[in-house]
Each structure stands twice: as structure tokens, then as C-alpha cells.
Amino acid sequence: MIRIKAFYAMVAILLILLSISSTSLADSSSSGKILKADLIFGPDENLDPAYKYTGWYMHEAGIYETLFSLDENMNLVPTLATGFDQISDTEYTIHLRTGVKFHDGTPLNADAVVYSLERVMDSSNSRHGEFGFIESVKAVDDNTVTIKTKKPHSPTIASLIDPLVSIVKPDVDLNSTPVGTGPFKFESFEKDVKLNVVRNDDYWGDKPKLDGAVLYFVSDPMTRAMQLEGGDVDIALGIPQTEVENLKSQSDLEVLSEVTLRENLIYINMKKAPFDNLLVRQALNHAIDRQVIVDTALEGVGGIAAIGPLSSGDKWSANDDLKPYEYDPSKAKELLIQAGINYTDGDGWLDFNGKPFEITIKTYTSRSENKPSAEVVAAQLENIGIKSHVEVVESGAFSSDLSQGNYDLGLGSFNTGTTGDPDYTLSKHFGSTGSEAKKTGYSNPDVDKWLDEARATSNQDERMEYYKKVQEQIMKDSPEIILFYLNVLVGENKKVDGFVMYPSSEINFLTPELSLED
């Protein structure tokens, strides 16, 4: 059986390589330079950036842009907007960049911006709640838009960075025909295989140096590494930690280790016993040695042991003032016994409700660090007497299972730097109506109140004090176990020039500056 599985795995890899080879032959006839890249994820059949998280992938491909964005130092900068004026606590005037055209030649105007925001606010959009703070969006003239909020909402401008509100051409079939303003134009798409883009010669900013790109969606980390080493692609995201030294030894390759604001964490299902018990959640935190995970599962190069829910590199992090969960197996056992989980029959395993206390850690492998991290965590839990298993599923199934409460612990990843504002992460994960909080079942009225108060004031010092309270309370309540802050590993051929991994992670990939040198 093992040999049969190995055979089919090799067949799958060969099919992918053949697909890339055929594309390479087609591209070689072009007089320009076509970048070939392995990405981790890609869109499903629907290419609309307002559909779930498809905006990330389309922004990554350089097709769409937002009104504002984050630079490589996490500063908010104007993109399709030139700036904004805050008229009152609840009203903003956005000034649009002139001379911008959609890929079909239609000029960008205020009506397109209104359309792009209102369709996300519509109740039919699965993520409409994230923009429920907006009361209205109106065009003042062709180059001016007014946004009114229902009440003071300080993250308003930062929220416009989210690729969910990419500015799109109205009245086209965005599901299959993306039309944006970005440096690259949509050419073709093959689900689960690749996305082809070509240079936008009418781009409003610096002209792209590439003629185009072929972006492959390769979920298996080892396949990404193999394709880079074999010369089938020029650059690959999410290189396995185990392959770093091998790739570095190749004279034509290099590996970049870039610190981002992405973190790996364990969701705890508080909707089922015994994880609804605070003592159990605190015990799990004490049972895990985060530094060992970094040193072993991440090979010492893939991340930094975590403290709180925001990376220490985030200006909103309260890590300097937080008391971390120290690795303390004895304390973990003590807390579990207090929670009624005991060693009852002398077999060395903890029992709960008359049965062995068993935990399944669910994860997915498209991010190379997940499975080995889960295996280290499982071993550490077994060291204190908890029978632990790792279950690997496809990333879509992982998200679905967590949303449906079909899990004990779920080891995943989250980009905390998408908008540069802490409300994005803290409200999603710890506000009682947040999408991630619904997965864990976490709700705390004090946290909700502090989040509301932080949103209501524009005074940054006051906001920091509220967010500090939130982070301190989260540490006590332990709805999640924050494992490490990820260093994203990117392998590239040395002929690739101009690639920058932004702290806000891989949203910004295909930029005008990216090029292939001779």
C-alpha cells in the first residue's frame, strides 16, 4: 500500500512538472521576460476579489489594487487614492488619483469606487459584516468619494487596504473576467493549476519590468522546492525549512528568510468539554515548549517563539508587558488535575470522564511548517499524559471543520498585518462576533467593550491602552495558543531582481519592480 501511494504521489508530481514544461515552451517564444512562480494558494472557480479571500490571490497577481496600501515599512500609503480628509468623527472624504484606467481602457472614477465598496457591504456577501460599520458611500464628483460611518470608527481608512475591497470595473463578469487597475492584466486561468497575467502597458505608476508571469498554485511544499531546484520556476514561496540548506548550496539559487506579521496558532474548541474549562486551556499553554517547535519543526530558521496574539514586530503589540506562558509540564499537570482530568488507573495516561483524555490536532500541509509543528505539539502533550494524534486535511476542509466545530485543536496560520491596524486581528479573533472567534466559541464582554472603545477614539495612545487590555485578557482566557511568528522562506533564482516580501505578507507579490536579469 505504501509503495502504491508513493507511486501515485510521484505521478502527480510528474504531471505538474509536465504542465510547467509545456507552459515554458509556449512562453519561450515570447520576446519578453515571463516570470514563473510557485505560490501556495490560489482562487477557486470564482475570480471575484469580493468572494471570500480571492482578493488576496488577485492582488498577489498584480491585477487589482485598493485605495490605500502598506509599504514595506508598514506605513499607510495612498494607491488609487491620493489622500483623504477626515471631516468629522464619522465622515471621510477620499480623493482619487486621476489618469488611472482599468485594463479595458475605462477611466477610474468615483462611481467605480462606490460600486466596489457597496457590493462588499451587501448582505449577500459572506464577509459583509466586516464593513457593517459603514453607513453610506457616495460619489461627490468623478474624483471624490465620501464615506460615512454609523459611529466613530478609527480603523476606517486602514480597512480600505483589505483586498476584499479591491477597486473593480463595474458591469463586467468578475467571476471569470477580472478587470482591475493593477500593473498586470488577466490573461487566462486554470483552476488549481495556474494563472497567467501580462504587463499593463497603460499602468498609471512605474511601468512593470516583466512582460508577464505564470503563477502556479502548488500546495505541496516539497514540490515547490523541487520545481525551484529543477529550474521549472524562478521563484517559490513557502519553501520547506528542511530544504533551506540544500537550496542555498545551489550556485544559482538563494533563499530569503523574511520576517512577516503572519503567525501560527492553535485554535481551541471551547464549544466542547473539557476545552470549555479555563484550567484546561491554560494547562495546554504550559505544556507546549514554543522554542523547541522553532528549533526542531522550523529547523531554527522559520520563525520566532510567540508570546501574545500580535508579533513583537507590530507596533501595537503588548508583548513587552505580557507575561508569557512558560513551558512548565508540572504546572500543566497540576492544572489538569484541578480541572478533574486525573491519572486514575496507573497506566500513565490522563483520564477524563472515565476514559483516556485524547486530543486530535487538525492541520493542513500547504504551509510547510504546519504538520511538523503539530507533530511536536502532539509529542509534548503526550509527555504529560495526553494521548494525541495529528490529522492532516486539505486547507478548505480545515477551514470548514473549524467553522462547524468539528475539531479539538486546529493548528493554522493567520496574517495579522493585512491592514496594519490591530482591530483587524483582535476583532476577528477575540470579538464575540469575529469570524475566528466563532470557530473557538470565545466571547468576553470586557474584550468586546475595549474593542469598541478602541474603535471609537482616534487618539492612538488611548487606542494602545485599550488594545493592551485586550491582549492581557486574551492571555488569561487562552482561546488560542499562539505558537510562533513566522519567517516566510522564499527561494529564488539569482536572476530574479526586485522581489520584496512585505511584513504584511504575500499580498504584495507581483509588483512593477520585479524583474528577470540576463
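Start in the loop between strand 12 (253-268) and helix 7 (278-287), and select Pro274 there. Keep in mind that this is a predicted model.

Next stop: Met74. Find Met74 in the loop between strand 2 (68-70) and strand 3 (76-78). Its phi is near 65°, a positive value in a residue other than glycine. Is Met74 buried, partly exposed or exposed? Met74 counts as partly exposed, because its relative accessibility is 23%.

Move on to Asp192. This residue sits in the loop between strand 8 (184-190) and strand 9 (194-199). Asp192 is not a glycine, yet its phi is positive, about 65°. Asp192 is exposed: its relative accessible area is 51%, and the cut-off for exposed is over 50%.

Now select helix 10 (residues 370-383). At 1.5 Å a residue, its 14 residues should span 20 Å; the end C-alpha atoms are 20 Å apart, so the two agree. Color the buried residues of helix 10, among them Asn370, Ser373, Val376 and Leu381. Then step just past helix 10 to Gly385, where phi is positive, about 100°.

Finish with a pair. Show helix 12 (residues 422-430) and helix 14 (residues 445-456). Their axes come within 11 Å and cross at roughly 155°. Angles over 145 degrees count as roughly antiparallel, and helix 12 and helix 14 are therefore roughly antiparallel to each other. Their crossing is left-handed. Which residues make the contact? Select Asp423, Leu426, Ser427 and Phe430 of helix 12, then Val447, Asp448, Leu451 and Arg455 of helix 14. These contact residues divide into four nonpolar, one polar and three charged.

Methods: Residues numbered from 1 in each chain as written. Predicted model: local features only at pLDDT ≥ 70, side-chain atom pairs only at ≥ 80, totals over all residues. Heavy atoms only, no water. Axes fitted to C-alpha atoms, helices over the stretch in contact; angles between N-to-C directions. Helix = DSSP H or I, 4+ residues; strand = E, 2+ residues; numbered from the N terminus. Parallel < 35°, antiparallel > 145°, perpendicular 65-115°, else oblique. Left-handed = near helix turned anticlockwise from the far one by under 90°. Contact = heavy atoms within 4.5 Å. Nonpolar A, V, L, I, M, F, W, Y, C, P; charged D, E, K, R; others polar. Expected span 1.5 Å × (residues − 1). Buried < 20%, exposed > 50% of the residue type's maximum accessible area, 1.4 Å probe, protein only.
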